[in-house]
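Please keep the structure in view while reading.

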Amino acid sequence: MSSNAEVGGGGASNGGLLYHEVQESKLCAVHCVNTVLQGPFFSEFDLAALASDLDRTERQMMLGSSVTGDFVPELSHNVSLDGDFSIQVLQKALEVWDLQVIPLDSPAAEPAQIDPEKENAFICHLQDHWFCIRKVNGEWYNFDSLYPAPEHLSKFYLSAYLDSLKDSGWSIFLVRGNFPKEWSVASSEASNGFGQWLLPEDAERITKSCNIASRTQKGVGQQQQQQQQLSDPYIQYDDGQMLFDDEDEDLKAAIAASLMESSQPAAATTASETQPGSSENENKISEEKKEE
C-alpha cells in the first residue's frame, strides 16, 4: 500500500496526480469507470465484452422463462448501437476491482445520503451520459468527461450538488469497496489516447481558463446576436418567436389597399356631387331628349 493512499481505500494517490478522461465519441461510460478507478483500466472493447456476457446470460434466463414480456433476444440490452452502456455493465466492470455500485436512494446507502463527504465515489447517470464524482487525496472532484479538467468540489458543496442532480432527474449510485491504490503512470499503458494526468493546481488553472473563455465567448455571442437583431429584417427572441419588421409594412399596405377598394364607389359619388353644374347638365340633356 502506498503511504499516500487514503485510509479505507479513499483513492489512488498516483503521486498526487488526478486522472481525467476527456469525452471521446460516446464513451462516457468508459471514462466514468476509469475515473472511478483513477487510471485507464478499461477500454470500450472491455466494456463491450462485459455487455456481451450479460446479454448472453440474460438471454438464457429469459428464453428459459415462460414470461418474456418485451424482451427481444436479438437485441443487446446492455449496450446501444451508439455505445451507451447499462448500469449493469458498469457494475460488472467495477466488481472486477472488488467495488460495489449501490443506488443512492436505497436503504444500504442511507449513511451516504446523510454524510456524502464520508464516502469515496459516486456515479451519476442521465439519459445517455455517465460521469463520476470522486474523492482523491482527500479532496472531491467532478470528473465529468465533458469538462476539460477535473472540477474541484468543496465538502460543503458536495451535498448540495448531489441534491441538485437528483432534483434534475439524475440517477446517482454510490461506489464502495477497495479502490485501486495506484496506477503506474510511467508504464507504457499510462495513456489510452483520451486520458491525462494532471496536478490539482493544473486542473484548477485549466478550469478557470475555460470558464473565462466561456464567459467571454458568451458575451461576444450576445453582442453578435444584438447586432444581428439590428441588421436583420427580423428580431429573434429567447422563446424562438420571430417578429418580422417587413410584416408591419406589408400589413399597413394591405390595410391601405383594402380601404382604397372599399372607398372607391363613395369617392366616385362624391366627385360627381362636387363638380360644378354637373346635375344641371344632366337635367338639360334629359329634357332635350324628351322634346325630340
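Helices (H or I, at least four residues) and strands (E, at least two) are DSSP runs, numbered from the N terminus. This is a predicted model, in which local features need pLDDT of at least 70 and side-chain atom pairs count only at pLDDT 80 or more, while totals for chains, interfaces and linings use all residues. Residues are numbered from 1 along each chain as its sequence is written, and side-chain values use heavy atoms, with hydrogens and water left out.

The predictor's confidence in each residue, pLDDT, runs from 0 to 100. Its mean over the chain is 76, and 60% of the residues reach 70 or more. The pLDDT is below 50 over residues 1-12, a stretch with 34 contacts (heavy atoms within 4.5 Å) in the model beyond near neighbours in sequence. Residues 229-248 also have pLDDT below 50, with 20 contacts beyond near neighbours in sequence.

Two packed helices are described by the angle between their axes and the distance between the axes. Axes are lines fitted to C-alpha atoms, for helices over the stretch in contact, and angles run from 0 to 180 degrees between N-to-C directions. Helix H1 (residues 28-37) packs against helix H3 (residues 87-95) at about 30 degrees, with the axes 11 Å apart. H1 is therefore roughly parallel to H3, a term for angles under 35 degrees. From H1, the residues Ala29, Cys32, Val33, Val36 and Leu37 make the contact; H3 contributes Leu90, Ala93 and Leu94.

Serine 25, in the loop between strand S1 (18-21) and H1, has phi near 50 degrees. Glutamine 38 has phi of about 60 degrees and lies in the loop between H1 and helix H2 (44-63). Buried means under 20% relative accessible area, exposed over 50%, and partly exposed in between (1.4 Å probe, protein chains only). Serine 25 counts as exposed because its relative accessibility is 61%, whereas glutamine 38 is buried at 0%.

Phenylalanine 194 belongs to the loop between strand S7 (171-177) and strand S8 (195-198), and its 15% relative accessible area makes it buried. Although 170 residues separate phenylalanine 194 from glutamate 24 in sequence, their C-alpha atoms are 6.9 Å apart. Not counting residues up to four places away in sequence, phenylalanine 194 touches His20, Glu21, Val22, Glu24, Leu27, His31 and Glu44.

Technical notes
Angles under 35 degrees count as roughly parallel, over 145 as roughly antiparallel, 65 to 115 as roughly perpendicular and the rest as oblique.
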